[in-house]
Amino acid sequence: MDGISWDWAMGGVNKTVPRNAGPECAEFLDPTYRLIETAIVLVAMVLTFVWSYRRIKLPTPTSYGARRDRGGRRTLLVLMSLIWGMEIGYKFSSRTVIYLLNPCHVTTALQIYLLAASPNKMVTAVFRFHLNLLNGPLLAFLFPETDSRILPLEAAIYWIQHGMMCVVPYYLLRLGGVYNVEEFSDFSWNVLSYSINIIYHFALLQVFAIPTEVNLNHMICPAILDPFGGPYYRIAAFFHQAILCPLLCKLFIAVSAFFLTKFRPTKVKQTLCCEVAAPNSNGDTSEMSNHLHRD
C-alpha cells in the first residue's frame, strides 16, 4: 500500500479506542504463530467447503409458490438501501470506509440483493447462506461498539441496521417462493456457509487488517469484552462460532416456522421449505412464479 493515499478509507479510524487499531493491536499476535494458525484454518475450511458443496441441494422446480407481496418487499428494499446508504455516507464522512468490509455490512448488502433480485436459484442459495450470518447482529447487540460513532444519528443507525438484519429474513420466509430453507435435519448449508465465513475472515479481512493496523472484526487482536481474550482467542472463536452460527440459524428457522406455520394468528403457510406453484386450469404455473415480480 506504499505510495497510495488511503486517507479516505482509514484516515479517520480512532486509534485511541482500545483494541480498535494501531501498532499495539497489530502486534498482539506473534507473526509466525499467526501465519501457522491461518494456514491450518484455511486448509481445513477449503476441505470443509468442498465436502459441503458436494452435498448441498437446491429445489429443482422451475417455478415456486409464493405469497402475493403487497409492497412489503419494496418497502424493506427502500429502508435497507437507505440504512446502508447512510452507513456508507458516515464511513466516507469519517474517513473509515475500510469498515464496510466488516461482515454485518456485507450481510446488509446481501439482503438488499435478496430484496431486489428476480427469482432464481442464486437467490435461494444466497438466502440460505445468509441465514447463517445472524451471529453478526446478535454479537453486535451483546457487545456493542459505538464509542467511535460520533456523527448525528450514527449510533442510532448502528442499532437500527442490526435489528433490521433479523426482520428482513423473517419477512422473506413469510413471502416464500425462492426464499425457502432446506430440511431442518440438513446441515450441509450450515457447514458450507461457515466455511465461506471463516475463509472471508482469514483470507480477506486479515489481509487488509494487518498492513493497515485496523482491527477488522477483531482479526488482529481481541475485543476488550472478549471472554476468550488471549493469544488463542481466534482459535476459541473458530470453535464457539462453529457452534453458534448453525445454532442461531436453526433456532431462527424453528421460531419462524412456529409463527408462520403453527401459530394460528400468524400462520400463512404449511412449510418453510420449497412449495411448488400449483398449475392453473391451463396447466401453467407462471402466475404463481411471477408473484415476486408484482411488488
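In helix α6, the residues Val-123, Thr-124, Ala-125, Val-126, Phe-127, Arg-128, Phe-129 and His-130 are buried, where buried means under 20% relative accessible area, exposed over 50% and partly exposed in between, with a 1.4 Å probe and protein chains only. Eight of the 10 residues of α6 are buried, so this helix is largely enclosed by the rest of the structure. Its buried residues pack against α5, α8 and α9 (188-212), contact meaning heavy atoms within 4.5 Å.

A word on the ground rules. This is a predicted model, in which local features need pLDDT of at least 70 and side-chain atom pairs count only at pLDDT 80 or more, while totals for chains, interfaces and linings use all residues. Residues are numbered from 1 along each chain as its sequence is written, and side-chain values use heavy atoms, with hydrogens and water left out.

Now the overall picture. The protein has 11 helices and zero strands; helices (H or I, at least four residues) and strands (E, at least two) are DSSP runs, numbered from the N terminus. Of the 295 residues in the protein, 43% are buried. Among contacts with a separation of 6 or more, 77% join residues 24 or more positions apart.

What does the inside look like? The largest nonpolar core has 28 residues, and Phe-127, Leu-172 and Tyr-179 have the most contacts inside it. Such a core is a set of buried Ala, Val, Leu, Ile, Met, Phe, Trp, Tyr and Cys residues joined through side-chain atoms within 4.5 Å. At least two residues of this core come from each of α4 (72-93), α5, α6 (121-130), α8 and α10, and the largest share, seven residues, is supplied by α8. A second, separate core of 20 residues includes Val-13, Tyr-194, Ile-198 and Ala-209.

Helix α7 (residues 135-142) also has buried residues: Asn-135, Gly-136, Pro-137 and Ala-140. Their cover includes α5 (103-116), α8 (154-175) and α10.

Two helix pairs are set side by side here. Axes are lines fitted to C-alpha atoms, for helices over the stretch in contact, and angles run from 0 to 180 degrees between N-to-C directions.

| Helix pair | Axes come within | Crossing angle |
|---|---|---|
| α4 and α8 | 10 Å | roughly 150 degrees |
| α3 (residues 31-53) and α10 (residues 233-262) | 11 Å | roughly 20 degrees |

The angle makes α4 roughly antiparallel to α8, whereas α3 is roughly parallel to α10. Angles under 35 degrees count as roughly parallel, over 145 as roughly antiparallel, 65 to 115 as roughly perpendicular and the rest as oblique. α4 passes α8 in a left-handed crossing, while α3 passes α10 in a right-handed one; left-handed means that the near helix is turned anticlockwise from the far one by less than a right angle, and right-handed that it is turned clockwise.

The contact of α4 with α8 includes Leu-76, Met-80 and Ile-83 of α4 and Ile-157, Met-164 and Leu-172 of α8. By class, this contact has 14 nonpolar, two polar and three charged residues. Ala, Val, Leu, Ile, Met, Phe, Trp, Tyr, Cys and Pro count as nonpolar, Asp, Glu, Lys and Arg as charged, and the others, Gly among them, as polar. Between α3 and α10, the contact is made by Tyr-33, Arg-34, Glu-37, Thr-38, Val-41 and Met-45 of α3 and Arg-234, Ile-235 and Phe-238 of α10, giving five nonpolar, one polar and three charged residues.

Finally, Tyr-53 lies in helix α3 and counts as exposed at 51% relative accessibility. Tyr-53 and Leu-192 are 139 residues apart in sequence and 6.3 Å apart in space, C-alpha to C-alpha.
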